[in-house]
There are 2 protein chains.
Amino acid sequence: MINQSYKQMLQKKSVIRELSEYATARGKEIGYENVFDYSLGNPSVPCPPDFNSTMIDLLQNSNPVTVHGYSPSLGIESVRKSVAHSLNDRFGMNYESKHIFMTSGAAGAVAHALRCVTQPGDEVITFAPYFPEYNPYVNQTGAVLKVVPANTENFQINFEAFEAMLNEKVAAVLINTPNNPSGIVYSTETITRLADILRRKQEEYGHDIFLISDEPYREIVFDGVDSPYVSKFYSNTLSCYSYSKSLSLPGERIGYIAVNPSATDADIIAVMCGQISRGIGHNCPPSIIQLAVSQVLEQTSDLSVYETNMNLIYNKLVELGFTVVKPGGTFYIFPKALEDDAKAFCMKAKNYDLILVPSDDFGCPGYFRMAYCIDTEKVERSLAVLEKFVREEYGINK
Amino acid sequence: MINQSYKQMLQKKSVIRELSEYATARGKEIGYENVFDYSLGNPSVPCPPDFNSTMIDLLQNSNPVTVHGYSPSLGIESVRKSVAHSLNDRFGMNYESKHIFMTSGAAGAVAHALRCVTQPGDEVITFAPYFPEYNPYVNQTGAVLKVVPANTENFQINFEAFEAMLNEKVAAVLINTPNNPSGIVYSTETITRLADILRRKQEEYGHDIFLISDEPYREIVFDGVDSPYVSKFYSNTLSCYSYSKSLSLPGERIGYIAVNPSATDADIIAVMCGQISRGIGHNCPPSIIQLAVSQVLEQTSDLSVYETNMNLIYNKLVELGFTVVKPGGTFYIFPKALEDDAKAFCMKAKNYDLILVPSDDFGCPGYFRMAYCIDTEKVERSLAVLEKFVREEYGINK
């Protein structure tokens with residue numbers, strides 16, 4: 001008989017995916033250029049040309065048996081070393097290759113990190129608004145996800161609610177900065193205060209509390225924004241990274257976990273992750289992608305388009321009277337809907353071929369997310385449509 | 001606190017990996033050409049040139065945002081369709097794309113298939129000798145792996161022991177043909193009898209028993225060997241495939257599950273696998289590898305070297321008086337050791353720089369595995385060393 005709990009998961013589809021599928025279908029009817037699809041966080045700028053030329057060089061000039069051969073289950077040693085060096089240079093850390101575990105993107109990194117530092121029955125705390133996929137990642141470990149309500153004033157951490165939620169069962173705290181969906185970057189002040197609380201609680205409870213820092217948007221930070229490297233502030237940090245966004249390679253499934261060298265059991269966490277991979281039959285990211293990425297670690301795609309888009313949308317939203325916190329990074333913005341029911345709001349927008357994602361699944365009802373990783377030209381055309389929608393449906397005049 | 005059960009897994013290292021690491025280290029001392037390393041099943045022939053040229057074409061002539069973009073979590077639709085068509089043409093099946101789920105190799109396929117058709121407490125039966133990684137795959141589902149003792153006469157199925165082991169708790173039967181480590185291919189007679197028993201037991205127990213057929217060596221079958229397509233014989237079959245061996249791409253982590261269209265719940269099994277992937281944060285194989293593989297589905301590497309190597313080794317083993325069943329495929333051979341303790345036998349061989357894997361972890365003590373996916377020239381040189389070892393340690397004369 002097929003597994004009943006996985007079967008039940010089929011009932012609950014991803015709202016984001018459904019909207020994205022709707023947008024694609026609608027595009028076939030009226031031309032995709034006429035659908036203002038803000039649903040999916042799929043990068044819109046190409047990868048750096050050096051990534052492709054490195055791939056071609058490997059395919060043309062290396063021994064195919066080596067290039068396409070098995071990677072060690074923790075990742076190719078030279079690649080792990082390059083990642084460690086790059087992080088050390090950029091952030092003043094002291095990683096060695098043994099602290100780096102190569103993963104299939106940030107998803108693989110966060111899921112492995114959670115399995116690594118929790119036991120069934122433990123609690124994991126995260127902060128609204130949060131990435132909905134944290135639910136399946138945590139659920140399958142046997143731990144329980146607890147969500148601290150959003151600080152809607154600025155989408156930094158609601159520390160009072162956080163402290164109230166902390167208890168002896170908490171094994172890990174999971175943060176995402178720069179944040180999907182709010183676009184906010186946690187400030188040095190926020191991270192410092194978070195680290196202080198965690199250190200105090202570790203002492204009080206007499207056990208480790210790991211900080212799992214989900215950082216796929218780390219390189220997408222806008223002009224002048226304070227963007228601290230989380231692991232600098234707290235020893236028991238597992239930094240989870242993906243090259244999906246910075247190098248525009250979401251389909252190639254590559255990222256890593258970087259274990260703070262001062263963390264408890266720092267020297268065995270990567271090896272444990274290898275054991276976790278064994279059981280799920282995953283092993284490691286593709287060899288050729290590991291080798292190619294290791295040659296372009298210091299590069300990014302041209303990410304400037306995201307800030308351009310953000311400013312256009314933010315200014316328009318403010319002009320139209322929306323309550324919205326200005327993003328510090330990512331390619332998301334998270335305004336308050338113009339009625340309490342964000343789903344109803346987004347359904348109405350859909351009639352204008354404006355595809356917005358209601359915030360309910362992000363644990364922060366009454367808001368909506370726009371993923372503005374689309375062409376600036378399309379963003380510009382969408383603003384008039386947004387204005388028309390708002391004026392006709394909600395009677396708001398400029 | 002880090003997870004204690006994963007931590008405990010660290011105690012039990014893979015014997016194959018340890019021997020392989022020893023061989024590499026020893027190679028640095030005396031030159032790797034002088035180490036007769038039969039430990040690892042890493043293909044020794046290059047991938048078909050068309051795979052690399054398809055990759056280069058995608059990198060040079062396609063939109064990088066599309067090529068490197070997210071794949072749907074079940075795999076790229078056009079790729080799934082190509083896989084279905086290819087299997088239909090070759091084996092007279094009637095797969096549609098909805099029956100194909102793209103995976104990270106056969107490891108990912110088997111691990112997903114097991115999660116899909118078992119509940120915690122169920123039993124999964126496999127047959128010795130068997131691939132040791134089945135233990136972690138099954139253990140992490142909460143089901144229990146039961147091993148039918150080997151039929152050492154010909155390494156087909158020991159049906160008496162199998163029937164004695166069947167009971168109402170059995171949810172799945174896991175086979176591997178062509179077999180790692182024995183090199184034996186299950187005959188039409190074996191598969192027919194297995195299917196008959198499973199149908200009878202399904203009826204008797206009133207529930208499905210799924211047959212998970214692990215087939216990464218399907219294309220490596222030697223001259224004249226009877227090699228049936230398992231799913232033709234039994235509706236509730238999930239065929240698990242990898243391109244690692246047939247296309248020599250083990251590091252690129254790509255394979256699939258093909259669900260027999262007549263299986264119970266055939267239309268939702270691939271979708272359930274997508275849900276399983278969500279929880280482990282894996283998602284799907286890399287987009288560009290999916291796209292490239294779909295262009296070379298009907299090709300293989302030049303696999304003839306494995307049959308050449310097999311004949312050389314088999315003839316020598318017979319000449320030296322070993323008890324050995326002639327492989328019908330793969331790049332493994334599984335002779336009886338010359339003493340009861342296979343580990344002691346392999347330790348002695350190591351002194352001759354002959355790296356053999358003792359069979360204990362394959363659930364069939366007293367044998368050893370040779371992975372002859374190495375250059376024929378090296379195989380030839382190894383035979384004199386094998387003879388020297390046998391003569392000096394066991395006094396066997398030609």
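Here are legends for several close-up views of a predicted model.

In this predicted model, local features need pLDDT of at least 70 and side-chain atom pairs count only at pLDDT 80 or more, while totals for chains, interfaces and linings use all residues. Residues are numbered from 1 along each chain as its sequence is written, chains are lettered from A and ligands numbered from 1 in the order in which they are written, and side-chain values use heavy atoms, with hydrogens and water left out.

**View 1. Where chain B meets chain A.**
Let's start with the interface: 73 residues of chain B are in contact with 72 residues of chain A (contact means heavy atoms within 4.5 Å). The area buried between the two chains is about 6100 Å², and carbon and sulfur atoms give 57% of that. Buried area here is the accessible area, taken with a 1.4 Å probe, that two parts lose on being put together, summed over both. Look for B:H68, B:Y70 and B:R278, which supply 12% of the area that chain B buries against chain A, more than any other three residues. The rule finds 2 salt bridges across this interface; a salt bridge is a side-chain nitrogen of Lys or Arg within 4 Å of a carboxyl oxygen of Asp or Glu. A:R278 forms a salt bridge with B:E133, and their closest N and O atoms are 2.8 Å apart.

**View 2. Helices α12 and α14 of chain A.**
Here helix α12 (residues 304-319) and helix α14 (residues 376-394) of chain A have axes that come within 10 Å and cross at roughly 10°. That makes α12(A) roughly parallel to α14(A). Angles under 35 degrees count as roughly parallel, over 145 as roughly antiparallel, 65 to 115 as roughly perpendicular and the rest as oblique. The axes are lines fitted to C-alpha atoms, for helices over the stretch in contact, with angles from 0 to 180 degrees between N-to-C directions. As for the helices themselves, they are DSSP runs (H or I, at least four residues), numbered from the N terminus. Residues making the contact include A:V305, A:L312 and A:K316 of α12(A), along with A:V379, A:L383 and A:E387 of α14(A). The residues of this contact divide into 7 nonpolar, 3 polar and 4 charged.

**View 3**
Zoom in on A:K316 and A:E319, whose side chains meet in a salt bridge (3.2 Å, N to O). Both residues lie in helix α12 of chain A, 3 residues apart, about one turn of the helix. A:K316 counts as buried at 11% relative accessibility, whereas A:E319 counts as partly exposed at 40%. Buried means under 20% relative accessible area, exposed over 50%, and partly exposed in between (1.4 Å probe, protein chains only).

**View 4. Arg80 in both chains.**
In chain A, A:R80 forms a salt bridge with A:E77, with the closest N and O atoms 3.6 Å apart. The two sit 3 residues apart in helix α5 (residues 77-91) of chain A, about one turn of the helix. A:R80 is buried, with a relative accessible area of 8%, while A:E77 is partly exposed at 36%. Over in chain B, B:R80 is found in helix α5 (residues 77-91) and counts as buried at 8% relative accessibility. Leaving aside residues up to four places away in sequence, B:R80 touches several others, among them B:L74, B:K98, B:M102 and B:A270.

**View 5. A pair in helix α2 of chain B.**
B:R26 forms a salt bridge with B:E29, the closest N and O atoms being 2.9 Å apart. These residues are 3 residues apart in helix α2 (residues 15-30) of chain B, so about one helical turn separates them. B:R26 is partly exposed, with a relative accessible area of 21%, and B:E29 counts as exposed at 61%.

**View 6. A salt-bridge network in chain A.**
Side chains of opposite charge can pair when their charged atoms come close. In this view, A:R90, A:E215, A:R218 and A:E219 are linked in a network of salt bridges. Over all chains, the count comes to 34 salt bridges.

Key: Nonpolar A, V, L, I, M, F, W, Y, C, P; charged D, E, K, R; others polar.
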